[in-house]
Amino acid sequence: NFDLLNALPEKRWNGGRVHVVREHVLHLMRGQVFTFGGLTWFTMGGASSHDIDAGILEPDDPDFAAKRKKLDRERALYRVNHVSWWVEELPSEEEQEEGLRNLEKCQYQVDFILSHCAPSSIQDIVSRGFYSHDRLTNYLDRVKELCDFKIWFFGHYHANERIGEKFVLLYDKIAALADFLRDDGSVFS
């Protein structure tokens, strides 16, 4: 709910910008590089909704109730603006540019990358070509090519699996970071 997120207070925390949800609950904002636990983390949330084939309804549309009833009868895939869909589901150009600037400051070297969706090339493997590329997945492909990182975590595709040595799809599994790293900080394959 970006209406709620964007109304939260913002502060700097461990090198990047966050929204303060509660005293000990922070929303790591897009395009930031954080340092905590002796490790560096790049964050870039967002993803295109894949379940909106029937479109996005506007709640202030005079025909909203009738349109929704019809779509529900048809079991159509749709979303409602500012209820179950927000234009901010994809990062803005400014957020993407800020991300590249922050990565440049650390010479494109981070330990981990956290994103919601995957780079286009990894998305193709996970979805076997089912999902289309968009400006975010293409941007993440650019980040993938520019950055030196240990592991990239993402979860948009509703599965739990490891893709190659560096990509981990986590959807409904909680995993300890230690499960992926050796004592010397190198990555288990």
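Contact, in these notes, means heavy atoms within 4.5 Å.

**Entry 1: ground rules.** I am working with a predicted model, where local features need pLDDT of at least 70, side-chain atom pairs count only at pLDDT 80 or more, and totals for chains, interfaces and linings use all residues. Residues are numbered from 1 along each chain as its sequence is written, and side-chain values use heavy atoms, with hydrogens and water left out.

**Entry 2: confidence.** I looked up pLDDT, the predictor's confidence in each residue, from 0 to 100. Its mean over the protein is 93, and 97% of the residues reach 70 or more. Helices (H or I, at least four residues) and strands (E, at least two) are DSSP runs, numbered from the N terminus. Confidence is lowest in strand β10 (residues 161-163), with a mean of 92, and highest in helix α3 (residues 93-105), at 98.

**Entry 3: H156.** I found H156 in the loop between β9 and β10. Is H156 buried or exposed? H156 counts as buried because its relative accessibility is 12%; buried means under 20% relative accessible area, exposed over 50%, and partly exposed in between (1.4 Å probe, protein chains only).

Next I checked polar contacts (pairs of N or O atoms within 3.5 Å; within protein, one must be able to donate a hydrogen and the other to accept it, and residues adjacent in sequence count only if both atoms are side-chain atoms). The side chains of H156 and H50 are joined by one of 3.1 Å. The H156 side chain also reaches the backbone oxygen of S48, at 3.4 Å. Setting aside neighbours within four places in sequence, I listed A47, S48, H50, H116, C117 and L169 as in contact with H156.

**Entry 4: strand pairing.** Two strands pair if DSSP finds at least two bridges between them. Strand β8 (residues 112-115) pairs in the parallel sense with strand β5 (residues 39-44) over 4 bridges, and W41 stands opposite F112 there. β8 also pairs in the parallel sense with strand β9 (residues 151-154), over 3 bridges; here L114 stands opposite F153.

**Entry 5: cores.** A nonpolar core is a set of buried Ala, Val, Leu, Ile, Met, Phe, Trp, Tyr and Cys residues joined through side-chain atoms within 4.5 Å. How many residues has the largest one? It has 26, and F42, I113, Y139, V143, W152, F154 and Y157 have the most contacts inside it. β5, α3, α4 (120-127), α5 (135-146), β9 and β11 (167-169) each give two or more residues to this core. α5 gives the most, with 4 residues. A second, separate core of 8 residues includes F112, F153, V168 and L181.
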